[in-house]
Amino acid sequence: MAMAMAMAVVHGNPALKARNHRSMDSIAAIESVVMAEKELKNSLDKIAASTGPKYRVARINTAHTTAGKGTLTKYDAELIDERNRIKQCNITIWSRPWLENGVEVTFECDGEEVMVRKHDA
């Protein structure tokens with residue numbers, strides 16, 4: 001009976017429900033960040049193996065994904081170039097896997113011209 005009362009208190013307590021919801025939101029946010037980082041690293045690896053440049057991820061500051069006709073992910077990130085210099089970049093990955101070379105990656109790094117590269121999904 002005490003267990004049933006404890007469960008009723010937890011399930012009926014709005015503060016505990018809100019905390020539970022925030023925890024689930026945090027888990028979803030972490031999973032989104034991990035997926036975004038994986039997508040960026042995958043694109044950087046494919047670009048490095050073909051036309052270049054060879055970048056590595058130093059840090060992702062923000063990442064936002066929207067879906068429609070493909071998936072569009074925008075990053076504010078720090079990349080490490082071939083000379084181990086850190087560059088502040090805005091990167092956009094537009095993924096349309098049904099097209100040949102359907103992943104378009106745009107790099108807008110401080111002090112450099114905009115660069116666009118494509119690769120297969």
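Tutor: For residue classes, Ala, Val, Leu, Ile, Met, Phe, Trp, Tyr, Cys and Pro count as nonpolar, Asp, Glu, Lys and Arg as charged, and the others, Gly among them, as polar. The model is a predicted one, in which local features need pLDDT of at least 70 and side-chain atom pairs count only at pLDDT 80 or more, while totals for chains, interfaces and linings use all residues. Residues are numbered from 1 along each chain as its sequence is written, and side-chain values use heavy atoms, with hydrogens and water left out.

Student: Which pattern does the protein chain follow, read along the sequence?
Tutor: Helices (H or I, at least four residues) and strands (E, at least two) are taken as DSSP runs and numbered from the N terminus. The protein chain has two helices and five strands. Read along the sequence, these elements give the pattern α-α-β-β-β-β-β.

Student: In what order do the five strands form the sheet?
Tutor: Strands of a sheet pair through backbone hydrogen bonds, either parallel or antiparallel; here, two strands pair if DSSP finds at least two bridges between them. The sheet is open and its pairing is antiparallel, with the strands in the order S1-S2-S3-S4-S5.

Student: Which are the edge strands?
Tutor: In the open sheet of five strands, the order is S1-S2-S3-S4-S5. Two strands pair on one side only, and these edge strands are strand S1 (56-68) and strand S5 (115-119).

Student: Which residue in S5 is the bridge partner of Phe107?
Tutor: S4 and S5 pair in the antiparallel sense over five bridges. In one of the pairings with S5, Val103 has His119 as its bridge partner. For Phe107, the bridge partner in S5 is Met115.

Student: Which residue takes a positive phi in the hairpin of S4 and S5?
Tutor: This hairpin has five residues between the strands. The residue with a positive phi, near 75 degrees, is Gly111.

Student: Is Cys109 buried or exposed?
Tutor: Buried means under 20% relative accessible area, exposed over 50%, and partly exposed in between, with a 1.4 Å probe and protein chains only. Of the 121 residues of the protein chain, 26% count as buried, and Cys89, at 1% relative accessibility, is counted among them. With a relative accessible area of 6%, Cys109 is also buried.

Student: What distance separates the C-alpha atoms of Asn90 and Phe107?
Tutor: Asn90 is found in strand S3, and its relative accessible area of 41% makes this residue partly exposed. Asn90 and Phe107 are 17 residues apart along the chain, yet the separation of their C-alpha atoms is 6.1 Å.

Student: Which element gives the most to the lining of the largest pocket?
Tutor: On a 1 Å grid over the protein atoms alone, a pocket is an open set of points where a 1.4 Å probe fits, with protein on both sides within 12 Å along at least five of seven lines, and lining residues have an atom within 4 Å of a point. The largest pocket holds about 220 Å³ of space, and among its 13 lining residues the closest to the centre are Ser32, Val33, Ala36, Ala63 and Thr65. Helix H2 (14-49), S1 and strand S2 (70-80) each supply at least two residues of this lining. With six residues, the element that gives the most is S1.

Student: How many charged residues does the lining of the largest pocket have?
Tutor: By class, the lining has five nonpolar and seven polar residues. The number of charged residues is one.

Student: What is omega of the cis peptide bond that joins Gly52 and Pro53?
Tutor: Most residues other than glycine have a negative phi, and most peptide bonds are trans. Pro53 lies in the loop between H2 and S1. The bond that joins Gly52 and Pro53 is cis, with omega of about 10 degrees.

Student: What is the relative accessible area of Asn101?
Tutor: Asn84, in the loop between S2 and S3, has a positive phi near 65 degrees and counts as exposed at 56% relative accessibility. Asn101 lies in the loop between S3 and S4, with a positive phi near 50 degrees. Asn101 is partly exposed, and its relative accessible area is 40%.

Methods: Grid points are joined across faces, edges and corners, and a volume is the space filled by probe spheres set on the points.
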